[in-house]
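Here are some exercises to work through with the model open beside you. Try each one before reading its solution.

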Amino acid sequence: MDLEDLILQTAILTSASFILGIIYNYEVRKISARLQSRKGPWLIVPRPLRKSLGTTRIFQPLYDIIKLLCKETIIPSTARKRLFIAAPLIAFLCLVGASAIVPIGGYSDLSSFDLSLVALLYLLLGVPFAFILGGSVSSSPWGILGGQREADLMLAYETPIVIGAFTTAMMAGSMSIKKIQVAQTLSLPYLILNPFAAVAVLLGIIGKLHLKPFDIPEAEVEVVAGPVTEYSGKLLGVIEINKMLLTSVCTGLFVDLFMAGGAIPGLNLHSPVTVLTYVIEGLLVVAVASLIHTSNPRFRIDQTLEWYVRTPIILAVIGLCWAYILRYIYPTLSG
Amino acid sequence: MLINIKRKARVYSPWIFHAHAGGCNNCDIELAACFAPRYDLERMGIQLRNNPRHADILIITGPVTKQISSSLRRIFDQVPNPKVVVACGSCALTGGVYNRDDGKPNYALAGPVEKLIPIDVSVPGCPPKPESIIDGVMLALEKLKEK
């Protein structure tokens, strides 16, 4: 594969996961609004209002981003200017790399390389680091507090994600995401074979996306907006873009590792139907995540750490043992 | 066409910051009702943000006490351009019940909002109903489109 192909594919995959992220974030907003007996952003705007308010609001997060990108950017005089500007861009670059690796319905050449799973986990680790950096250099007490909380939370949620992801790698006998996906089409999706690891990774992803029980770093009312407090205008727009990409990359990671990336047994992995099932499965995962988001209040940081050690990490370890046991009972099922 | 998209996005997703500048808290309750199930402004993509740096529309309630006046000015400066200021309730517009009967200035007031920062839209009422607040926000959107 030459460089031109690589750049083209990265661009296509990044924009696809950006659009998916917009739809997923709309879904989170809509489901949480419906569960609070509100309406949420209109899916279909009532006819008399269409002239001034448009026909649909399914791209509401996109409008937010465009608006922010056209606004004035205020940089606090006490902040470290270069690092303050660089932090969201570092996270953006990490996410572009990550979304090039996560295959959308089987389409990604980078995912077939060995160790692509390790590369992906490292790239995803860069995002919270940039988040902490942005908060710490903004010279706002809220930013520093939020960054500190994120540093604590990161230790908690990365562990189940990493253990769970490596469990799937162990079951498939390969570190490449593509091969894990193919191994699932030959046997069964790992969501069925190893539900412990799947639940552990899902709980880790909820922490990573800062959904409700774990939105401690950017807890509104408590620490204003955490590390994002001092960001405005275009830089905030970049942060919102990062949020969209992170949502779709994390959801994609879960779908690829545990739901065979949308592949249907008997069908070719590269058929357009796979992309459709990938999106539907992603929407299901986000729906589950937003149910948890709406029905839970915010934990304190010490409660979160304790809970993460007590539940998802234990589940992940059980999943790891289960993968070993499965190897001896059904050697044909796993590689 | 690009300007069109820009204007469209601006009208489609205004974020509101609510500044409470003294007063009896009733306007704040009515403003909160705008985001509750009955009126739910999020239908139109309007969100209540608790951070002036993220806001497009600044809604001010209350007669601006002397203590809060410097903070209010600072909050106004922290909102990035383009921005619209909505003064909500009689207190924010004139001082309301906090004006003295004999015409002398009240010792605790730094004046209505108008004295400190320029107002774009005023919403009268004591307290204004959620309908009139929504109407004020819609008028603010018209101004935001032109800025």
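**Exercise 1.** Is B:Cys34 buried or exposed?

*Solution.* Before starting, note that this is a predicted model, in which local features need pLDDT of at least 70 and side-chain atom pairs pLDDT 80 or more, while totals for chains, interfaces and linings use all residues. Residues are numbered from 1 along each chain as its sequence is written, chains are lettered from A and ligands numbered from 1 in the order in which they are written, and side-chain values use heavy atoms, leaving out hydrogens and water.

Step 1: recall the cut-offs, with buried meaning under 20% relative accessible area, exposed over 50% and partly exposed in between (1.4 Å probe, protein chains only). Step 2: B:Cys34 has 0% relative accessibility, so this residue is buried.

**Exercise 2.** How many disulfides does the structure hold over all chains?

*Solution.* Step 1: a disulfide is a pair of cysteine sulfur atoms within 2.5 Å. Step 2: the count over all chains is 0. Step 3: take B:Cys24, whose closest cysteine sulfur, in B:Cys126, is 6.0 Å away and therefore too far for a bond. B:Cys24 is exposed, at 54% relative accessible area. Step 4: for B:Cys34, the nearest cysteine sulfur belongs to B:Cys88, at 7.9 Å, and B:Cys34 is in no disulfide.

**Exercise 3.** Which residues touch the most other members of the largest nonpolar core?

*Solution.* Step 1: a nonpolar core is a set of buried Ala, Val, Leu, Ile, Met, Phe, Trp, Tyr and Cys residues joined through side-chain atoms within 4.5 Å. Step 2: the largest has 64 residues, and those touching the most other members are A:Leu117, A:Leu120, A:Leu124, A:Tyr190, A:Phe254 and A:Phe258. Step 3: the most residues, 11, come from helix α10 (residues 233-258) of chain A; helices here are DSSP runs (H or I, at least four residues), numbered from the N terminus. Step 4: a separate core of 27 residues includes B:Cys34 and B:Phe35.

**Exercise 4.** At what angle do α10(A) and helix α11 (residues 272-295) of chain A pack?

*Solution.* Step 1: axes are lines fitted to C-alpha atoms, for helices over the stretch in contact (heavy atoms within 4.5 Å), with angles from 0 to 180 degrees between N-to-C directions. Step 2: the angle is about 110 degrees, and the axes are 9 Å apart. Step 3: α10(A) is therefore roughly perpendicular to α11(A), a class that covers 65 to 115 degrees. Step 4: the contact involves residues including A:Phe254 of α10(A) and A:Val285 of α11(A).

Methods: Helices (H or I, at least four residues) and strands (E, at least two) are DSSP runs, numbered from the N terminus. Angles under 35 degrees count as roughly parallel, over 145 as roughly antiparallel, 65 to 115 as roughly perpendicular and the rest as oblique.
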